[in-house]
Amino acid sequence: GEVLSKAVTIAVRYNAVRRQTTSVPGQPEEIILNYQQSARNLISQIAISYALLFMGRSMHQMHESFEADRESGDFGLLPELHATSSCLKALCTWLTTSGIEICRQSCGGQGYSVLSGLPGLYTNYVQNLTWEGDNTILCLQTARYLTKTLMSILQAHKRGDSQPALAETVAYLAGTVQEDPFLDLSRQDLELHDLFSFEVLDSLMSQRSLFVAKQALENLEANARRMEVRVQLGEGLAWNASHVSLVKLAKCHGWLLLHRSFFGQVAALEKDAKLPDSSVKVLRDVAFLFTLCHVEDSLGDFLEGNILLPSQASVIHEAVQELLRKLRTEAVALVDAFSHDDYSLNSAIGSRDGDVYNRLLRMARSSPFNATQEGPAWDAILNPFFNRGKRTAKL
């Protein structure tokens, strides 16, 4: 979360200063961040940054709970901890890498310049996709835990036995054998205000994860029948032929965890009264935007699973657009709250004072490259071009 928060700090500050075109002749050009697409690109990345930072807190708390149990010889939390950290390492590094690139592109040509600080953030971070565990392999480890849990639920139900004890993070999987475990949002008139409810969004996210889990298990079993082999979790021909659906399952589970962590951490801040009510309200709006942007981007899953109806998609779009309007005036303050100083950002276009162009000029003038030998085009082309205004006019 810290690296993405640096990238989005740079991008938001620059887009809050940079102006381009106007729809009203004779009026000043519009601030880029006021354009809806720019706001959708960047404010959603602010939301993801906060979600990742809050998830870091949640993972730390989970690890501390495991350490306390381990001291007494209880390792019961270990499988859940491993499955949780595996999918989150993959998902969070994917989100960060793609988020940095979104921020870079939002800054146009300046984002490509090393003086923006964005290329350095990307190249120094991108290796996280492959070290400390390959992301695909980590997703498959989470998928193994999820499919094993789902299979145990279905087998217990088939035998008529009581349901196995489930870890909190996977309790939603029991919904596959329960009657009406979630809010049924596909059969009621979904209105805009309904979406600004944690319970409603949590029902949507849980149902999507359960739907994808059942899809993955069905795909695994179908491949086993096709190949005439038995189902093996984590290995075997059928497992290897089901990687796409299994990796998708791990990603969806990770999104559900990020969603729940975000709202949970905001609720904790409100309970502890560590922030003014106004700040908590803004953070809650950011949490709503985080989840609703993901629902909007993944509408195919929600429609395919009959979790939402096609006619309800417009309400999702409307909710995202309303939140973007509300949070536009908070965008700069939200990135300032990350508290990155100018030294750590090392960016001409993302400094706190917003003095983009003078800072760009100073950094360009201070480049050691200025003291090197001029290239072969200097005398013939560049020097005359740059000094054309100094020529003496002939009368």
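Start by selecting Arg159 and Asp161, whose side chains form a salt bridge at 2.7 Å, N to O (a side-chain nitrogen of Lys or Arg within 4 Å of a carboxyl oxygen of Asp or Glu). Arg159 is exposed at 55% relative accessibility, while Asp161 is partly exposed at 38% (buried is under 20% relative accessible area, exposed over 50%, partly exposed in between, with a 1.4 Å probe and protein chains only). You are looking at a predicted model, where local features need pLDDT of at least 70, side-chain atom pairs count only at pLDDT 80 or more, and totals for chains, interfaces and linings use all residues. Residues are numbered from 1 along each chain as its sequence is written, and side-chain values use heavy atoms, leaving out hydrogens and water.

Next, pick Lys248 and Asp301, another salt bridge at 2.7 Å, N to O. Lys248 sits in helix α9 (residues 243–272) and Asp301 in helix α11 (residues 299–304), so the pair ties together parts 53 residues apart in sequence (helices are DSSP runs of H or I, at least four residues, numbered from the N terminus).

Now move to Glu296 and Arg40, which meet in a salt bridge at 2.8 Å, N to O. Glu296 belongs to helix α10 (residues 277–297) and Arg40 to helix α2, 256 residues apart. Both are buried.

Finally, select Leu289, one of the residues with the most contacts inside the largest nonpolar core, which has 113 residues (buried Ala, Val, Leu, Ile, Met, Phe, Trp, Tyr and Cys residues joined through side-chain atoms within 4.5 Å). Helix α2 (residues 36–71) gives the most to this core, with 14 residues.

Notes. Helices (H or I, at least four residues) and strands (E, at least two) are DSSP runs, numbered from the N terminus.
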